[in-house]
Amino acid sequence: MKMTYKDISLERLVRDLEPRKNLFQDRGNGIYLSDHQIEILKKYHFFYDQYSDVKSFIFDIQNYLNENYQVDLEDLESVVCSLSEFDYYQNMDK
């Protein structure tokens, strides 16, 4: 079926893509996460509100990944990469 721009509804796209779930929000202590990332972290029993800073949070997730290297944890790896990248640019000397 060929779709045209007339077939696409903005409301439907927004509803299906849920863009707000992917927006980063300050969760406290310099930790910026999206709702989607929080769902992934909860799946592995990581709770951002138990950490005093982003570096210790990243450290614990990295340790978990290193201890479970034989398991496919691509979603968690993606979250920690995003956290590390955000922390780097947030705290880089300008």
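1. Let's start with Asp35, which is partly exposed at a relative accessible area of 30% (buried is under 20%, exposed over 50%, partly exposed in between, with a 1.4 Å probe and protein chains only). Asp35 forms a salt bridge with Arg27, with the closest N and O atoms 2.8 Å apart (a side-chain nitrogen of Lys or Arg within 4 Å of a carboxyl oxygen of Asp or Glu).

2. Keep in mind that this is a predicted model: local features need pLDDT of at least 70, and side-chain atom pairs count only at pLDDT 80 or more, while totals for chains, interfaces and linings use all residues. Residues are numbered from 1 along each chain as its sequence is written, and side-chain values use heavy atoms, leaving out hydrogens and water.

3. Now look at helix 2, residues 35–43 (helices are DSSP runs of H or I, at least four residues, and strands are E runs of at least two, numbered from the N terminus). Gln37, Ile38, Ile40 and Leu41 are buried there. They sit on the same side of helix 2, because they cover an arc of only 160° around the axis (taken from the directions from the helix axis to the C-beta atoms).

4. Next, Phe46: its contacts include Leu41, Phe57, Ile61 and Leu76, leaving aside residues up to four places away in sequence (contact means heavy atoms within 4.5 Å).

5. Back to salt bridges, of which the whole structure has three. Lys55 and Asp87 meet in one of them, at 2.6 Å from N to O. Lys55 lies in helix 3 and Asp87 in helix 4, so the pair ties together parts 32 residues apart in sequence. Lys55 is exposed at 53%, whereas Asp87 is buried at 10%.
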